[in-house]
Amino acid sequence: MTDRSRRQRRGVQLTIAGVVVFMCVVVAGFVHRIGLPRAMSDAEMKANGTYILETPRDIGDFSLLDHRGEAFTPARLEGRWTLLFFGFTYCPDICPTTMSFLNEFVGQLEGTEAEDTRVVMVSVDPARDTPEQLAEYVPYFNPEFVGVTGEFLDLFRFATALNTPFRKVPGQGEDYLVDHSANVVLINPRGDYHGFFKAPLDLAKMKVTYRAARYRWER
């Protein structure tokens, strides 16, 4: 091989290497931008199943119990973002599916998002969901999750304040079911009702809109 051929070959190799490096930089930049939170319009948020209140709403006062028997009051909702789901331990399908989904969701959060996001399941069946019952059920999905119960009227008022009323299905004896929403309520770090993620939940969409909701609030 002549010197000229070697120079030409080396030139081709360097060109190919430069193109490959350029493509890697472009792809890495694209992936990085996708991972960053960005502002989304209300229409974009709704198209992806997330509804954010124009003005976050004060939930009002309440006094409930968590699965450790400790008081669950408005102060417990302050300082972190809360994903709040209404369900019950005897629920055959929606509740375990949603709890598993939320465990997967928080497992994919990183950094500050992971540190200041908590999940709370509020019982719509206080007659059967004692703190002891919740203590066996809720940590099964994630030991950091919090289960909440209380007196029926207190729970009903709390649910109504978050636009998620529930009702016992009549005529089923002791093995009754409870009709309730499968939406996930979003509470901001001030403890205000911020919005909700509409069922059916989608992991990829919820990750994007959750980041966008935080980004809009924190700007």
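This is a predicted model: local features need pLDDT of at least 70, side-chain atom pairs count only at pLDDT 80 or more; totals for chains, interfaces and linings use all residues.

Visitor: Which residues of helix H6 are buried?

Guide: Helix H6 covers residues 152–161, and Leu155, Phe158 and Ala159 are buried there. Viewed down the axis of H6, these buried residues fall within an arc of 95°, so they line one face of the helix. Leu153 and Arg157, on the other side of H6, are exposed. The buried residues of H6 pack against E2, E4, E5 and E6.

Visitor: How do you know that the buried residues of H5 line one face of the helix?

Guide: The buried residues of H5, residues 131–141, are Pro131, Leu134, Tyr137, Val138 and Phe141. Down the axis of H5 they fall within an arc of 130°, so they line one face. Glu132, Glu136 and Tyr140 are exposed on the other side of H5.

Visitor: What do the buried residues of H5 pack against?

Guide: They pack against strand E2 (64–66), helix H3 (94–107), strand E5 (117–123) and strand E6 (146–149).

Visitor: Why is Glu136 called exposed?

Guide: Exposed requires over 50% relative accessible area. Glu136, a residue of helix H5, has 66% relative accessibility, so Glu136 counts as exposed.

Visitor: Is His67 buried or exposed, and what makes it so?

Guide: Buried means under 20% relative accessible area. His67 has 8% relative accessibility, so His67 counts as buried. His67 is in the loop between E2 and strand E3 (71–72). Apart from neighbours within four places in sequence, His67 is in contact with Pro131, Leu134, Ala135, Pro139, Phe145, Val146 and Gly147. Of these, Pro131 and Leu134 are among the buried residues of H5.

Visitor: Which residues does the UniProt annotation "binding site" cover?

Guide: In an unreviewed UniProt entry, that annotation covers Cys91, Cys95 and His180. They span 90 residues in sequence, yet no two of their C-alpha atoms are more than 10.2 Å apart, so they gather at one spot.

Visitor: Why is Cys91 called buried?

Guide: The limit for buried is under 20%. Cys91 is at 9% relative accessibility, so Cys91 counts as buried. Cys91 is found in the loop between strand E4 (81–87) and H3. Not counting residues up to four places away in sequence, Cys91 touches Pro96 and His180.

Visitor: What makes Cys95 count as buried?

Guide: Cys95 lies in helix H3. Its relative accessibility is 0%, so Cys95 counts as buried. Beyond its neighbours within four places in sequence, Cys95 is in contact with Phe85, Gly87, Phe88, Tyr137 and His180. Tyr137 is one of the buried residues of H5, and His180 belongs to the annotated set from the UniProt record.

Visitor: Why is H3 called oblique to H7?

Guide: Two packed helices are described by the angle between their axes and the distance between the axes. The axes of H3 and helix H7 (residues 203–218) come within 11 Å and cross at roughly 55°. That angle makes H3 oblique to H7, because angles under 35 degrees count as roughly parallel and those from 65 to 115 as roughly perpendicular. The crossing of H3 and H7 is right-handed.

Visitor: Which residues meet where H3 and H7 are in contact?

Guide: From H3 there are Phe101, Leu102, Glu104 and Phe105, and from H7 there are Leu203, Met206, Lys207 and Tyr210.

Visitor: How do you know whether Arg214 is buried or exposed?

Guide: By its relative accessible area, which is 4%. With the cut-off for buried at under 20%, Arg214 is therefore buried. Arg214 is in helix H7. Leaving out residues up to four places away in sequence, Arg214 touches Trp81, Thr112, Glu113, Asp116 and Thr117.

Visitor: How many helices and strands does the protein have, and what share of its residues is buried?

Guide: The protein has seven helices and 10 strands. Buried residues make up 40% of its 219 residues. Among contacts between residues at least 6 apart in sequence, 72% join residues at least 24 apart.

Key:
Residues are numbered from 1 along each chain as its sequence is written. Side-chain values use heavy atoms; hydrogens and water are left out. Buried means under 20% relative accessible area, exposed over 50%, partly exposed in between (1.4 Å probe, protein chains only). Helices (H or I, at least four residues) and strands (E, at least two) are DSSP runs, numbered from the N terminus. The arc is that of the directions from the helix axis to the C-beta atoms. Contact means heavy atoms within 4.5 Å. UniProt positions are given in the numbering used here, feature names are shortened, and annotations may be inferred rather than shown by experiment. Axes are lines fitted to C-alpha atoms, for helices over the stretch in contact, and angles run from 0 to 180 degrees between N-to-C directions. Angles under 35 degrees count as roughly parallel, over 145 as roughly antiparallel, 65 to 115 as roughly perpendicular and the rest as oblique. A crossing is left-handed if the near helix is turned anticlockwise from the far one by less than a right angle, and right-handed if clockwise.
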